Amino acid sequence: METKRFIGNDMPRIYARIRRDFGPDAVIVSTRSLLREDADPLIEVIAAGPEAGSELPLELQRTLIAGALQRVEQPRALTIGDLEDIAVREQAEATAADEFDQALHERLDHVAAAPEPEWLTGYVASAPSRPARAQDQRTPLIPPADEKDEPRGAVRFEPPSDPVPAAPPPIEWAPRPRPSITSRPRPEPPPADPTPLNIADRFTVAGPGVAAGLIVAGFSASAAQLVAEQSGGSGSPRDALTELLTSREVLYPDERRTALITIQGPVGAGRTTALMRMALDCADSGREAILVAADATRVAAREQVHAYAEAIGIPAVDAFSAQELVRVVAGASRGACLFVDVPAGPWRSPPLPNVEHCSYVTLPAHWSSPALERALEEFDSSHLSGAVLTFTDLAVSLTPALSLLIESGLGVAFLSSSRDVGSGIEVADPLTLASGVFTSTSRETTNGRLIATA
């Protein structure tokens, strides 16, 4: 029987996938950590069915036997010979340490007993405390009265006999004439503009309290206008934003119908990663998930899908044309979800009867507003089921992406953070999004940074 490799960063999730594929009596062949640069390590688990036994390859059987022996073998008891060897080894180490200490002390004693050089003898003891000056040269040296009172070699100086010169007389300054100051007339200010600048002229908003709070939070003027109109200008900005995001229709796959799911977007928007995370959550919920590699515009795109499929334990197939995609969908069981990795840009599905098509668009939350507007221009919002905010862990604020979604009429379906496909995807909650934008000190809502790392 063949083994299967499971990769992820959550051991309970990995064990749940192993239990679903092989049952509770599955055999864990080996586990190891896969180190990654600038990222947390992944966990690799190789498992097999309970009836594998001798059908496993020889190397895997050796691995199983070695692991079992490490768990059941008892440490070997020490014998007299072992103790004698340990005693001899410890005695040799102690002797070497004693010899090193003795050599070090002999070296220190030799250095301390070395005589001082001739040029240094008497030089430091007879050195004066400061350089001699002209008046000091005329001052006779007075030897100490008693050698016991003063240290050897010390000298005393008699104060100079010359009288201290008197201070010079103060200088008298002649009075200076006071300068005259000529004042100049202040220029008259220019006449005031009869039409003063009014910030309200730049944008007309309904409900000044709601709109002003949204603009201060970072939303665009047009997005603030739409939110205020939706709420009627009453309530708090957070409640108004929650109401608008809740009213936006988002399409999720129906469990009773076969679904074709695509995540579209520009290059580098994280659409493939979000698709894999969505497929993993679908498989973990017990629904059949199939990956379809249909991107022929990017180098190694199909290989990447197959590598992800092997890592998260979901089957993957290739579709090189629309006809092959139709055959793959027709061969899937009823209620299955087919996650299709499509090229960058807009993509339209071929006609598929009795199949629900859920098409989402990715918006990188850490992109600037102009970049997001250019990325969304080429997509027709009427054919989209919702939006997926990607790279939310890199975004300082979600207000640029939310402003664009509010103006476009789309709803937020999912949130995706980081590039790890083994952690699943988050379903967007309007109240959590609004609470993250408008921080609160209560414990009922999250702050702006928490929602950015969700």
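The exercises below, each with a worked solution, concern a predicted model.

**Exercise 1. Helix H1**

Task: Check whether the span of helix H1 (residues 11-22) agrees with its 12 residues, then find which residues of H1 are buried and which are exposed.

Solution: 
- Step 1. At 1.5 Å a residue, the 12 residues of H1 should span 16 Å. The end C-alpha atoms are 16 Å apart, which agrees.
- Step 2. The buried residues in H1 are Ile14, Arg17, Ile18 and Phe22. Seen down the helix axis, they fall within an arc of 105°, so they line one face of H1.
- Step 3. Pro12 and Arg19, on the other side of H1, are exposed.

**Exercise 2. A surface patch**

Task: State which residues form a nonpolar patch on the surface, and decide whether Phe100 is buried or exposed.

Solution: 
- Step 1. The patch is formed by Phe100, Leu104 and Leu108, which together have about 320 Å² of accessible area.
- Step 2. Phe100 belongs to helix H3 (residues 80-113).
- Step 3. Exposed means over 50% relative accessible area. Phe100 has 54% relative accessibility, so Phe100 counts as exposed.

**Exercise 3. An open sheet**

Task: Give the order of the eight strands in the open sheet and name its edge strands.

Solution: 
- Step 1. The order is E8-E7-E9-E6-E10-E11-E12-E13, with mixed pairing.
- Step 2. Strand E8 (316-318) and strand E13 (426-427) each pair on one side only, and these are the edge strands.
- Step 3. E8 pairs with strand E7 (residues 289-293) in the parallel sense, over three bridges. Val317 in E8 is the bridge partner of Val292.

**Exercise 4. Salt bridges**

Task: Say how many salt bridges the whole structure holds, and describe the one between Glu44 and Arg5 and the one between Asp341 and Arg298.

Solution: 
- Step 1. A search of the whole structure finds 11 salt bridges.
- Step 2. Glu44 and Arg5 form one of them, at 3.1 Å from N to O. Glu44 lies in strand E3 (residues 39-48) and Arg5 in strand E1 (residues 4-8), so the pair ties together parts 39 residues apart in sequence.
- Step 3. Glu44 counts as buried at 4% relative accessibility, while Arg5 counts as partly exposed at 29%.
- Step 4. In the salt bridge of Asp341 with Arg298, the closest N and O atoms are 3.9 Å apart. Asp341 is in strand E9 (residues 337-341) and Arg298 is in the loop between E7 and helix H9 (301-312), 43 residues apart.

Technical notes: Residues numbered from 1 in each chain as written. Predicted model: local features only at pLDDT ≥ 70, side-chain atom pairs only at ≥ 80, totals over all residues. Heavy atoms only, no water. Helix = DSSP H or I, 4+ residues; strand = E, 2+ residues; numbered from the N terminus. Expected span 1.5 Å × (residues − 1). Buried < 20%, exposed > 50% of the residue type's maximum accessible area, 1.4 Å probe, protein only. Arc of directions from axis to C-beta. Patch = residues over 30% accessible without salt bridge, like charges linked within 9 Å, V, L, I, M, F, W, Y side chains within 5 Å. Areas by Shrake-Rupley, 256 points an atom, 1.4 Å probe, with all protein chains shown as cover. Salt bridge = Lys/Arg side-chain N within 4 Å of Asp/Glu carboxyl O. Pairing = 2+ DSSP bridges.
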